[in-house]
Amino acid sequence: MKIDIWSDIACPWCYIGLTRFERALTEFPHHDGVQVTVHSFQLDPSLPDSYEGTEAEYLASRKGISVTQAESMFGQVAQAAATEGLSLRFDTLAVANSRRAHRLLHAALKADPSGATQRRLKDALFRAHFTSGESISDSEVLVRLATTAGMNAEDAAAALEDPARDAEVAADIARAVELGISGVPFFVLDGRYGISGAQPREVFDRALTTVWDELHPRIEPLKVPGLEGFSTGPACGPDGC
C-alpha cells in the first residue's frame, strides 16, 4: 500500500498529525508492506529567512489580528501537541522560511530511497523548529541535523541551494494544487483516498485497515445452498493430508 503525505516543517499541526500517523503505522500489522512518501508544501512561501520578532508577532502582522489572539491560538495547538508528548515552544520559535529544509528532505530521499533517512530528518526538523528554537533556514543547523539523520555532510550542504532539489519541491507543491490540497497535513492512501488534517489516532487506524483490506481481499469459502456443511472438503496442507 502506498501513502503520500503533504506537509510543511513550519506547520505545527503537521508535526502533530505525522506523529499520530507514525504511531498508528508502527502498530499496523502490515506496516512492512506500506510505502510512505513525504511531499513538500509551503503554507507561507513569503516567510523570511529570519525574523527578529516572535511567531505571534509575525502571525499578527500577517493576519491582521492581535498578538494576544495569536498567542491564544498557539496555546490551543500546544495543548493538543502535549497530548501526544510533544513540546511546542512558540515563545522561542525562530520564524524562518522552510524552502531550504524541503530541498534537504528531497536530497535525503535520493540518498536513501527507503525513506528512513528522510523520516528521521523530518522529525529532527520539527523538533528543532518547534522545541529547540533553531532556525530551519540556517545552513549550519540544517547540515548538522542531516548528518545526524544519516546523510553525508557535503551532500547535505550542496542540496540547500540545488536547483534540481528545488524543482522537486516545486513539483510537489504543484501536484498538491492539482489534487486540490490547500491545507496540510494531507494524507493520500493508494492514490485515491484523502485524509485532511491532524486527525485522531483512531482515524488513521481505521483508514489503514480499511484500505489494506480493500487492496488485499480475503477469499471466502463458497457456501452452496442446501450444502452448508460441505463448503470445505478433504485437502492436503503443510502438515500432511
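Which residues line the largest cavity?

Modeller: This is a predicted model, and what follows is computed from it. The lining of the largest cavity is made up of S7, V38, H39, S40, H102, L105, H106, Q118 and K122. By residue class, the lining holds 6 polar residues, 2 nonpolar and 1 charged. The volume of the largest cavity is about 30 Å³, and the count of cavities of 30 Å³ or more comes to 1. As for how such a space is found, rolling a probe the size of a water molecule over the atoms shows where empty space is left.

The structure has 10 aromatic pairs. In one of them, the ring centres of F21 and F187 are 5.4 Å apart and the planes stand at 40 degrees, so this pair is classed as tilted. F21 belongs to helix α1 (residues 12-26) and F187 to strand β3 (residues 186-189), so the pair ties together parts that are 166 residues apart in sequence. F21 has a relative accessible area of 2% and is therefore buried. F187 is buried too, because its relative accessibility is 1%, and the cut-off for buried is under 20%.

Another pair is formed by F74 and F90, which are stacked, with 4.3 Å from centre to centre and 5 degrees between the planes. F74 sits in helix α3 (residues 67-82), while F90 is in the loop between α3 and α4 (99-111), and the two are 16 residues apart. Both F74 and F90 are buried. These two rings also belong to a cluster, in which ring pairs link F74 and F90 with Y15, F126 and F130.

C11 has a relative accessibility of 4%, so C11 counts as buried. C14 is at 0% and therefore counts as buried as well.

Among the lining residues are H39, H102 and H106.

Terms used:
Residues numbered from 1 in each chain as written. Predicted model: local features only at pLDDT ≥ 70, side-chain atom pairs only at ≥ 80, totals over all residues. Heavy atoms only, no water. Buried < 20%, exposed > 50% of the residue type's maximum accessible area, 1.4 Å probe, protein only. Phe/Tyr/Trp six-rings, centres within 6.5 Å; stacked < 30°, edge-to-face > 60°. Helix = DSSP H or I, 4+ residues; strand = E, 2+ residues; numbered from the N terminus. 1 Å grid on protein atoms, 1.4 Å probe; cavity = no way out; pocket = protein on both sides within 12 Å on 5 of 7 lines; lining within 4 Å. Points joined across faces, edges and corners; volume = space filled by probe spheres on them. Nonpolar A, V, L, I, M, F, W, Y, C, P; charged D, E, K, R; others polar.
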